Amino acid sequence: MTERAVLAVSFGTSHRDTLEKNIAAIEAALAAAFPERTVRRAFTSGMILRKLAGEGTHIDNVPQALERLLAEGCTDVVVQPTHVMSGEEYHKLLAQAEPYRARFAHMAFGRPLLTAAEDYAALGRALMEALPAQRADTAVLYMGHGSEHQANSAYALMEYTFHDLGRKDVVIGTVEGYPGFGEALRRLKERPQVRRVELRPLMTVAGGHAKNDLAGDEEDSWRRRLEAEGYETACVLTGLGEYPAVRALFVEHARQAEQLQAEAC
């Protein structure tokens, strides 16, 4: 019987290597922090779930995971997303979970990585632990996913936070939002001393976007486009979930959600 649980909800990935290095690592950190709770997994991306199902792997979506927990006798669940921002996927998660709220005695929702103002400085400090020392001729370019959702402003705020923390060499662009590659390239060109760019994903997992859009061999990858502009490049394909300090932020968000739920009772 599973009375208490943490449901770790991710967008998902079909890349098995990065799933283990990032999503499974975050889930393991949650399990270690909440030994009295069973940790379960759910993905929000229908495309990813269908692709995995076609490969013979079933992973629950949010309603399926909650139904399974109820069937096992769970009465108390903390839902912790591994999403970077409070965007479309997070709000889809909330909408899917809402009908189940009354069916659990206790249901709490942790924040995505970047939600409250203090989250940005916390993530910046966590990532700076792994960044190389600043060099006048080098910039660090992070690739975020990007979105049409209003939460897309998180990326510009994150870059501003890096600068306030002393890392003015950091530039952030997105694949599907603003700022895009063009804006990021313009900011690099505003620093004529920069001749080398280190490319890193600002994503929970270093999956298809990181491997193809960021570091791929196709001419339209960010790496190839920068090299065509005359920059020397280096790619560090580390998903956010691989950093212990970032995993600790997800754990803290789950802990805060649990505490708020307990205070409300």
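Predicted model: local features only at pLDDT ≥ 70, side-chain atom pairs only at ≥ 80, totals over all residues.
Visitor: OK, which class does Cys 235 fall into?
Guide: Cys 235 has a relative accessible area of 31%, so it is partly exposed.

Visitor: And Cys 74, buried or exposed?
Guide: Buried. Its relative accessibility is 3%, and the cut-off is under 20%.

Visitor: How many disulfides are there?
Guide: The count is 0.

Visitor: Back to Cys 235. What stands opposite it?
Guide: Leu 199 does, with Cys 235 sitting in β8. Strand β7, residues 196-201, is joined to β8 by 4 bridges, and the two run parallel.

Visitor: What's the strand order in that sheet?
Guide: β6-β5-β7-β8, an open sheet of 4 strands with parallel pairing. At the edges are β6 (170-174) and β8 (232-235), each pairing on one side only. On average, neighbouring strands are turned by 25° against each other, direction ignored.

Visitor: Which helix packs on the sheet?
Guide: Helix α7, residues 181-189. It touches β5 (138-144), β6 and β7. The direction of α7 makes about 160° with that of β6.

Visitor: New topic. Where does Gly 110 lie?
Guide: In the loop between β4 (106-109) and α5 (117-128). Gly 110 counts as buried because its relative accessibility is 1%.

Visitor: What is Gly 110 in contact with, leaving aside neighbours within four places in sequence?
Guide: Val 79, Gln 80, Pro 81, Tyr 90, His 253 and Ala 257.

Visitor: What separates the C-alpha atoms of Gly 110 and Leu 202?
Guide: 20 Å, with the two residues 92 apart along the chain.

Technical notes. Residues numbered from 1 in each chain as written. Heavy atoms only, no water. Pairing = 2+ DSSP bridges. Axes fitted to C-alpha atoms, helices over the stretch in contact; angles between N-to-C directions. Contact = heavy atoms within 4.5 Å. Disulfide = S-S within 2.5 Å. Buried < 20%, exposed > 50% of the residue type's maximum accessible area, 1.4 Å probe, protein only.
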